[in-house]
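Have a look at the structure first, then read on.

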Amino acid sequence: MNVSTYAFVMVASRLLGKEGYGALAASINLLLVISVGALGLQATAARRISAEPEHVGQIEDSILRVTYRAAAALGLILTLLSPVIQRVLNLEHLGTALVIAACAVPLTLTGGLAGILQGERRWAALGLLYLMTGVPRLVIGSLLIAWRPTELWSLLGVAISFCAPVVVGFWALRNRRRPHVAHPAHTGMALLKESIRNGQALFAFFALSSVDIIVARNVMPNDESGLYAGGLILTKAMLFLPQFVVIVAFPSMATGSERRRALVVSLSLVATLGTVGTLAAWALSGIAIRFVGGDDFAAVEPRLWVFAILGTLLSMIQLLVYSVLARQGKRSVYVVWLALVALVGLGLTADSVLSLVTIVVLVDVALLVVLLAISAWFLREGASATEETVPAGVPQ
């Protein structure tokens, strides 16, 4: 999924150019933020099923009902907000904003379906679902961009491809026969409340990881913001390269006996992958720039290693945020919101690609240190449950 998604970004950056790709990048970053609803549902389903497999039938039925309603509501709300989206992202056409709204429906459905498969640790079916999230985007999106190299048609290809994982998810769950032991903690309302809490935590993270391109498009000329968007291609690659670590580790992080070891091993693996990627971006910048977009983005080549560091920091922060969700922490999320506010405030003072990426890196370093300290405290050897933790099975 990650390779094909990255390949699509490469194709889009080359065919659309700096200004056209800047608009597509801003739209995709907004979709990442919108996807927090789906990821909140996925985290809720995966955590609940992993922690209490004896209630899997009730959890699945409840999460699917909540997913259907959330997809319809989010699609409607974003449709009503489409003029605002067009203005904030500085899009040429209102139709592009409407396509973003349409994307929300299959995105949300995919989240609920993926969460069930993840919680049951059905890795083959989940892997196929993720594969179909990336490959159709590369094929359909590239064909539409080659035919009509505009922001509208490029995003339309993304929207069409989002339907493929939904089909896979429903197929994988077509013969659901699970134990169905009723429990008041797993009603639709209980799962909705937890999904909202998870969603707002993930919203804070994805807003943090995506808001810089919106800041760039408002403080720099289109040409400069396009260069920044090109550097972010490498950042997103470094962010999503270790995504498999988060997906596989999360069910273990939701299980008390496995939580501490799962987080330590996962952080070590993500840091190792990030170090290798950053060194490669520094030593092989001439090759890396070709994967970013070629000669049009040559001005950002000397700074690619900084964007690689940024992606590694975000990947580690993402893992720590999922650790908070796994233990159902509440107060830790406030730190992410504070970092987001700081990034926007400081970012608006930037006047170049280097100054903005430096600000973003420094804010993310500070956030990572704080989250590491909080996690070390709550997961220390022999630590007992605190008010930060909501045990599985307790009505919330």
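**Overall picture**

Keep in mind that this is a predicted model. The protein chain has 16 helices and 0 strands. It runs to 396 residues, and 57% of them are buried. If you take the contacts between residues at least 6 apart in sequence, 83% join residues at least 24 apart.

Let's start with helix H5, residues 94-119.

Helix H10 covers residues 222-240 and passes the same kind of check: its 19 residues should span 27 Å, and its end C-alpha atoms are 26 Å apart, which agrees. Because 15 of the 19 residues of H10 are buried, this helix is largely enclosed by the rest of the structure.

With a relative accessible area of 33%, Arg121 is partly exposed.

**The nonpolar cores**

The largest nonpolar core counts 105 residues, and the members that touch the most others are Tyr21, Leu31, Ile100, Phe206, Tyr228, Met253 and Tyr322. Helix H1 (residues 2-34) gives the most to this core, with 17 residues. There's a second, separate core of 24 residues, and Ile59, Ile63, Leu109 and Leu129 are among them.

Which residues does Tyr21 touch, leaving out those up to four places away in sequence? Its partners are Val9, Ala12, Ser13 and Leu16, along with Ala229, Gly230 and Ile233.

**One cavity**

The structure holds 1 cavity of 30 Å³ or more. The largest cavity has about 40 Å³ of space. Its lining is made of Ala201, Val321, Val324, Leu325, Ser332, Val333, Val336 and Leu371. Helices H14 (304-326) and H15 (333-347) each supply at least two residues of that lining, and H14 gives the most, with 3 residues.

**The cysteines**

How many disulfides does the structure hold? The count is 0. Take Cys103: its closest cysteine sulfur is in Cys163, 8.7 Å away, which is too far for a bond. Going from the other end, the sulfur of Cys163 has Cys103 as the closest cysteine sulfur, at 8.7 Å, again too far for a bond. For reference, a disulfide would need the two sulfur atoms within 2.5 Å.

Is Val215 buried or exposed? Val215 is buried, with a relative accessible area of 6%. It belongs to helix H9 (residues 188-219). Leaving out residues up to four places away in sequence, Val215 touches Gly347, Leu348 and Leu356. Val215 and Leu89 are 126 residues apart in sequence, yet their C-alpha atoms are 9.9 Å apart in space.

Ala283 lies in helix H12 (residues 259-283). Ala283 has a relative accessibility of 52%, so it counts as exposed. Its C-alpha atom is separated from that of Trp305, 22 residues along the chain, by 8.8 Å.

Here are the accessibility values for the single residues discussed above.

| Residue | Relative accessible area | Class |
|---|---|---|
| Val215 | 6% | buried |
| Arg121 | 33% | partly exposed |
| Ala283 | 52% | exposed |

The class follows from the cut-offs: buried is under 20%, exposed is over 50%, and partly exposed is in between.

Key:
Residues are numbered from 1 along each chain as its sequence is written. This is a predicted model: local features need pLDDT of at least 70, side-chain atom pairs count only at pLDDT 80 or more; totals for chains, interfaces and linings use all residues. Side-chain values use heavy atoms; hydrogens and water are left out. Helices (H or I, at least four residues) and strands (E, at least two) are DSSP runs, numbered from the N terminus. The expected span of a helix is 1.5 Å times one less than its number of residues. Buried means under 20% relative accessible area, exposed over 50%, partly exposed in between (1.4 Å probe, protein chains only). A nonpolar core is a set of buried Ala, Val, Leu, Ile, Met, Phe, Trp, Tyr and Cys residues joined through side-chain atoms within 4.5 Å. Contact means heavy atoms within 4.5 Å. On a 1 Å grid over the protein atoms alone, a cavity is a set of points where a 1.4 Å probe fits but cannot get out, and a pocket is an open set with protein on both sides within 12 Å along at least five of seven lines; lining residues have an atom within 4 Å of a point. Grid points are joined across faces, edges and corners, and a volume is the space filled by probe spheres set on the points.
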